[in-house]
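Biologist: I am new to reading protein models. Please take me through one, feature by feature.

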Amino acid sequence: MSELFRIAIVGSGPSGLSAAAHAAARGISHVLLEKTDHLSDTIFRYQRGKHVMATPAQLVLRADCEFQAGKRETVLAQWNADAKAAGVNVRYNAEAKAISGAKGDFSVQLTSGEVVRAETIILAIGTQGNPNLMRCEGAELPHVQYSLDDPAAFVDEHIFVVGAGDAGIENALGLAADAAQGNTIYLLNRSADFSRPKEANVKNLFQARDNGRINVMTDTSPSKVEPGWITLETPQGSNRLRCDRIIARMGSAPPRKFVEAAGIAFTSESAEAFPRLSPTFEGATPGIYVIGALAGYPLIKHCMNQGYDVVEYISGATDLKPADEPILEAKLQGLPGRLSVSEWLEFLRSRVEILYGLSPLQMREFLLDSEVRAFRKGEVIFEKNATGSSLFGIAQGGVGVRIDPKDPSKMVPIGQGSIFGEVGLISGRRRGATIVATEDTVVVEIPRTAALKLMASVPEAREKVNRITTERQILQIFRAGLSPADLKEVIPAVEVMEVKPGKAIIKEGEAGDDIFIIRSGSMIVEKTVGGKEVFLSYVPAGSYVGEMAVIDGSLRTATVKATIRSTVLRLPGAPFRKLLDAKPELRARMLADMTSRRDINAFIETRKDEFGDVVDMYSSVAGFLVDQGIGDATDVLLIDETLCIGCDNCEKACADSHDGLSRLNREAGKTYAKLHVPTSCRHCENPYCMTDCPPNAIQRGPDGEVFISDACIGCGNCQRNCPYDVIRMDKVPPPKPKLWEWMLFGKGPGPGEPDKAWLKTQPKPAVEAPKVAIKCDMCTGRAGGPACVRACPTGAAIRVSPEEFLTVTLLERGSG
Amino acid sequence: MATLLCVTLTAAYFLIDVRPRHSGGTWMGYSLGALGAALIVWLALLGVRKRAVTAGHYSLKAWVSAHVYLGLSLTVIATLHTGFQFGMNVHTLAYVLMMLVIVSGLFGVWAYASLPNLLSANRGETTRRQMLDALATLDGQLHEAAQPLDRDMAAIVRLSLEKTDIAGGYWQRVFGLYGGCANDRAIERLARARQGARGPEAETLAQIDALLRKKAEALAFARRQVRITALLEGWTFVHVPMTFALLAALTAHIVSVFFYW
């Protein structure tokens, strides 16, 4: 019989090593099993010279090994020294194959055939041994790799790093570090935000991008890999690029089979789920503890603390407070109920629907980012039109949504467990309604980035948020006295679909009775007349299409396709028809909508014979505008070049009404058929600028305008994210003399943006003004509307919203 | 509104029989004169309006439209005010100046109605900045290409680099008077110089010739833009100074009338 250890630790990464070091320090008999011939293989395989970070910064490190941010080599040397000094009993080349037995006498079978016995087991195997693989066509080709040892090994290559997590960003930065290698580096992020990686990495990445070292592509994922080439899906469509090497860093999954065989259950069937653990890291089988990345903690500091903590628990500690306890205690102070931190965590987790899937450990980290707030009955949680994009979960009590500003008693209730404020996550619009606590209520407020992180890492949370937003969106669109109960049959059948630009969701002449609701993006409706596609109308986010077929069972009368990448909800016809039968008001409402769409179709039919230049012209102009991003827009400045005399009075007026800085460039931009789209904000439905604003300074105003508040810190992210180049970074010039002083005495630079020569003559301010981001704010708060339009002497400048402008009624105007 | 004003006033002029005869000195003359003077001042204020970006509801387009129609109505109002009495005096001077302003304004209306099309067609999607940048890039390339040349040959390139005016004076801009354009002269001189050139020098010169010709094209493009812009604003060089002259003459006219009354 071999020796029976008190603890066997599987894996010598930060968490396993820290556990072993602490066991050694306490003189507990232990063995550390490492499958390779060196400690901490994951860190060992980091690229050479990689800077290892120590986040989260506010977390206190509690371990018998030291750890500070620094080079990979330094960190590894430190740990080797610490392990030696502590007297850790390591067994190298010992890969665990299976675990059997029960608490008090476990057997760990090694691949070498040996067996190691221990009373308790700590699983600290991490997830890096099991990376997520690329799934697109050609992913099995040899130039697709899942790790990067030495970034200096490649020269003159086009390298694509897939995945914008920390690993991906660090690989990309390593590859781009030495310009002499001549590599062209691309980093693909399948979403628009960088909510997962560490802040410092994101900052370095953006810096590298600005220096032209890395091409960062957001909202992009690979769809096909061929030798020498890669095909990408971007918001603007497919793109085939040269590619010599792909480094896929899309995270890793736990080696689930091995863990489950040891008797550890997971929270769900989802591939991204984590083991279900007690607050002392114990799994479903007593005596087996799981810590580190496998427990859902990819950060080194967390791992090391857990290594220390778990050894304490095993040796009988019951009142051990986690290292982050004081931070959470301070957060939860002053709340009713006098619960302990772990009671609070369990209270929130078990009561707020979107948090069900979180482990207690994930809950801790989640709460570090979030706030718990209590409201008395009748207190307002937020007002309509207030700024704010955080998500709220109701842990206790309930709230009401005021639907009628005039009558505060009219409220739609939202009960315990549900969420509100979710609209902020999608489009960053202001609060759509006032929310009042209808009883004494406890809510957890989750900031936008933390909520996005939650949705990205916990699939169940994502599904729940999606389901709730879907239900609310359907209710809002169809109104007509519907209640959530009416949708019981419809909701489960709803499918959320991503539509690529240019792809049709409805094809003319085909059968089908699904209704589509456009959640984000926008669509155009086209009809084929005389062999030509004629543009019928533009459908913005928040509207629905496809109702005709449901109501009268006819074939599709027109084609509907996406202008930009869009998300649509597909409501199958059958349950919806049932709903229509039950709700005559809804039917009436839809019939009214349908009639107006029929009229347009009929109008096009009547004009069929005289179709010629006018319609062609109209269709092609509409096509041009959609190409220019009008599909994104909610309000856009257009210039009729047949009227524009080039006086630039629009620019001058803009500068004079905004601190002397013009937010538009008349001359720049595309022109088609005498219709010019100047460089000026389109106030996108899904603002690209808003995706990554650290101080959350970009907001949507009550009139739909996207504006930048004084909170701007001048980081320039929005300027880089804007695909239409409408944001400039500049500092506010000193005030100019009054207009009459210029007219009568020639003082100052005159109307419009002051020239550089004049600025030089001005005394320097004591404190240099920082450059901040400026863009069109649609002259909010100015009676009379946008200054550019008012100041146009010939009426060439007009502001339009696409749904008004891109309608077939233009045809009547055009030909009549 | 302007038409209504003109018709009413013309009708009034013929229907109302004032003694001894129509002139500025009758009650009707004074009314017409006061109305005309007020209109002139209001019309001149467009210059302030377009520069003062104030909050509140206004549309410069509406102001310009009113400016045009009411300005045209002045031809009727002022002519009726004169009672068709003209002479060699300050009063008629004011009238003539006013008519000059109006005629130049009519040219402006034509310009604004017809030239933007040309402007847009010429520039396409190129901005003024890009036109200048294109020329600067060509200059840079010329400078680079001229490095191996000897002093005399380099002088040809320097002629183009240093002496080329893109725009020039107003008349030059409007009529495209770039006969002595340094770039064109450089092309001619280069053509002569190339005849004797051999070997690598010939190659360099050929390259420079191509660059100079490209620059000539870029210049022509920019100058067309400059020409249309000049045409668009040219009439204001008459319209605006004449307005000030008119305001002066009008003041003299009013003061003298009341002084000698």
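**Reading the model**

Modeller: Start with helix 9 of chain B. On the face turned away from its buried side, this helix carries the exposed residues B:Arg192 and B:Gln195. Keep in mind that this is a predicted model.

Biologist: Which residues of helix 9 of chain B are buried?

Modeller: Buried means under 20% relative accessible area, and exposed means over 50%. In helix 9 of chain B, the buried residues are B:Ala182, B:Asn183, B:Ala186, B:Ile187 and B:Leu190. These residues sit on the same side of the helix because they cover an arc of only 140° around the axis.

Biologist: What do the buried residues of helix 9 of chain B pack against?

Modeller: Two helices of chain B: helix 7 (151-163) and helix 10 (199-234).

Biologist: And how far does helix 9 of chain B reach from its first C-alpha to its last?

Modeller: Compare the span with what 1.5 Å a residue would give. Helix 9 covers residues 182-195, which is 14 residues. Its reach is 20 Å, close to the expected 20 Å.

Biologist: Now the domains. Into which domains is chain B divided?

Modeller: Domain 1 takes in 2-122 + 239-259, and domain 2 takes in 128-234. Their C-alpha centres lie 47 Å apart.

Biologist: How many residues of the two domains of chain B are in contact?

Modeller: Contact means heavy atoms within 4.5 Å. Here 7 residues of domain 1 of chain B touch 7 residues of domain 2 of chain B by that rule. The area buried between these domains is about 740 Å², with 68% from carbon and sulfur atoms. On the domain 1 side, B:Leu115, B:Leu119 and B:Asn122 lose the most area to domain 2, together 73% of what that side buries.

Biologist: What about the two chains? How much area do chain B and chain A bury between them?

Modeller: About 2,400 Å², and 53% of it is on carbon and sulfur atoms. The contact joins 27 residues of chain B to 31 residues of chain A. In chain B, the residues that lose the most area to chain A are B:Arg51, B:Val53 and B:Glu125, together 24% of what that side buries.

Biologist: Next, cysteines. How many disulfides are there over all chains?

Modeller: Apply the cut-off: a disulfide needs two cysteine sulfur atoms within 2.5 Å. The count over all chains is 0.

Biologist: Last, backbone angles. What is the phi of A:Asp156?

Modeller: Positive, about 50°, although A:Asp156 is not a glycine. This residue lies in the loop between strand 9 (144-145) and strand 10 (158-162) of chain A.

Biologist: And what is the phi of A:Phe281?

Modeller: Also positive, about 70°, and A:Phe281 is not a glycine. Look for A:Phe281 in the loop between helix 6 (256-261) and strand 17 (288-290) of chain A.

Biologist: Is A:Phe281 buried or exposed?

Modeller: A:Phe281 is buried, at 3% relative accessibility. A:Asp156, by contrast, is exposed, with a relative accessible area of 56%.

Conventions: Residues are numbered from 1 along each chain as its sequence is written. Chains are lettered from A and ligands numbered from 1 in the order in which they are written. This is a predicted model: local features need pLDDT of at least 70, side-chain atom pairs count only at pLDDT 80 or more; totals for chains, interfaces and linings use all residues. Side-chain values use heavy atoms; hydrogens and water are left out. Helices (H or I, at least four residues) and strands (E, at least two) are DSSP runs, numbered from the N terminus. The expected span of a helix is 1.5 Å times one less than its number of residues. Buried means under 20% relative accessible area, exposed over 50%, partly exposed in between (1.4 Å probe, protein chains only). The arc is that of the directions from the helix axis to the C-beta atoms. Domain bounds come from an automatic or database domain assignment. Buried area is the accessible area (1.4 Å probe) that two parts lose on being put together, summed over both.
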